[in-house]
Amino acid sequence: MRKLLRFLKPYRAESVLGPLFKMLEALFELFIPLVVADIIDVGIKSNDTDFIWQRCGIMVALGVIGLVCSITAQYFSAKAAVGMAAGMRRSLFAHIGKLSYAQTDRIGTATLLSRTTADVNQIQNTVNLVLRLFLRSPFIVFGAMIMAFTVSAPAAITFVITIPALSVVIFGIMLISIPLFRRVQGKLDRVLGLTRENLTGARVVRAFVREQESIEEFSAANQELTKLQRFTGRFSALLNPLTYVILNLSILLIIYRGGLQVQLGNLETGQVIALYNYMSQILVELIKLANFIILITKACASASRINEVFDTPAGMTKSDIFEQKNTIKDAPAVVFDKVSFSYHEGGEAALENISFRAPAGSTVGIIGGTGSGKSSLVNLIPRFYDVTSGSVLVNGKDVRHYADPEALRAQIGVVPQKAELFAGTIRENLRWGRENASDEELFKALEAAQAAAFVKEKENGLDFKIEQGGRNLSGGQRQRLTIARALVRRPKILILDDSASALDFATDAALRRSVANLEDHPTTFIVSQRTASIKEADLILVLDDGRIADQGTHEVLLSRCPIYREIYESQFKEVTAE
């Protein structure tokens, strides 16, 4: 939790003023039982109406002043807590954006969402409560004990016994609750992950009639979470009954002993009521403190989870081998030199011993079965992942030697396998490629991506509003817009990762011709399941189970590569049959 307090530093003044005003409210509250005692022992006993009204006026004044202090304290506390949460959420979001693909895969999307929202909100609520109670409650508890001694020292001994007993109960339950709440948050992550997975894959679940299995899997995870929450809740629920028992026994003892002292003439009735009021104040504050401590245990669990994300080093690690400062002139655009790669350390290799050279301006086609490593290969070029062994060179320089990954990725236009668009206009989405691109440049990219026609037909053209994820566009329209977005950058290296799967053969062919005729002549990597999409490539890589089965031109591979020939013949027989 201490590490996260840095987000509270901009709100130092509010963090001081909030507790200060709460303590002032508590101070005025401590005088009220004495005023009540005066009303009973002096005003009512002597039937002095003026005295009673005078003391009632003092009580009202103390209440109004306390209310003003309370509202002021709430304002400053809320401002500090909300500001801290906003800064933490902003910093957490920025840090997550810098994590590598491998780090994001390891932590998990559902976990990151949970920590950015639920855990931050938990800490916000706790900080708000802490600023209001961490001075007020102890001040009331010990202040009431001291005031009780001013009324009657013998009767106040009960306070000295009660407060340590309550402290043992509260802190004992707190120490046991903290690990339980951490386990609850872990189970909650699992439920969130399943919920997200089933919502995003709802169509697939229904298409394969897997609703019942999905419900059962979710129910099992939800049941585990429920059982743990019930156990944790029952244990935490012991706090209030135990504190009530101790405090009510203390109140009974005060009333009993106070009554005896009144009969002996050592105490007035009003003083006994004042002692009862002070014990009641302690009761209320300790119950607040108990609930407050439960909230702190949850916040500590949330803080440790958030710190796990912050403690994850952002970005890629730099290679220990000699750093090459500059790119090599006239070097091939991309070189893979005996590259092997696995997604998890010690895990099964996704790619093994991959070597090839792609000259500047050439087109490289990549084909292979599902899971053969096509996307894994192209993801190594912009250094979304680091190689396990070997090296990937861009313009003669190892990708690990670029001081800033942005300098590397600025040269590369990537069209991912899944077409991702963001809520906003078409113009705003295209300018992700280059912020200062003119409308003329945008339409030029749209024409090359075979998207200009449908954009012109849309209401408002470039200002047409795209919904989140491009829900109001077809699959082919989304793919063409993502291709146009990459072309706006005018990249030196263009990666099309199975980005024409939703296009018909005619549009796909027109797209490939446009890309081949681009003025900048980028080095193009085309990942595809269709041999028609890559047959004109200068170099074709045939992947099989993470290895290059063969490489060469279309004609060479047809003559000597059984895998490529099998794919080609299966597709063109289907076309002929149709």
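Colleague: Is Leu27 buried, partly exposed or exposed?
Modeller: The labels go by relative accessible area: buried is under 20%, exposed is over 50%, and partly exposed is in between (1.4 Å probe, protein chains only). Leu27 has 35% relative accessibility, so it counts as partly exposed. One caution: this is a predicted model, where local features need pLDDT of at least 70 and side-chain atom pairs count only at pLDDT 80 or more, while totals for chains, interfaces and linings use all residues. Residues are numbered from 1 along each chain as its sequence is written, and side-chain values use heavy atoms, leaving out hydrogens and water.

Colleague: Where does Leu27 sit?
Modeller: Helices are DSSP runs of H or I, at least four residues, numbered from the N terminus. Leu27 is in helix α1, residues 12-44.

Colleague: And Leu249, buried or exposed?
Modeller: Leu249, in helix α9, counts as exposed because its relative accessibility is 53%. C-alpha to C-alpha, Leu249 is 10.0 Å from Thr158, though 91 residues separate them in sequence.

Colleague: What does Arg55 touch?
Modeller: Contact means heavy atoms within 4.5 Å. Leaving aside residues up to four places away in sequence, Arg55 touches Val35, Asp38 and Ile39. Arg55 belongs to helix α2, residues 49-98, and counts as buried because its relative accessible area is 17%.

Colleague: Which residues of α8 are buried?
Modeller: Those are Ser214, Ala221, Leu225, Leu228, Thr232 and Ser236. Their cover includes α6 (153-200), α7 (202-207), α9 (239-264) and α10 (269-310).

Technical notes
Helix = DSSP H or I, 4+ residues; strand = E, 2+ residues; numbered from the N terminus.
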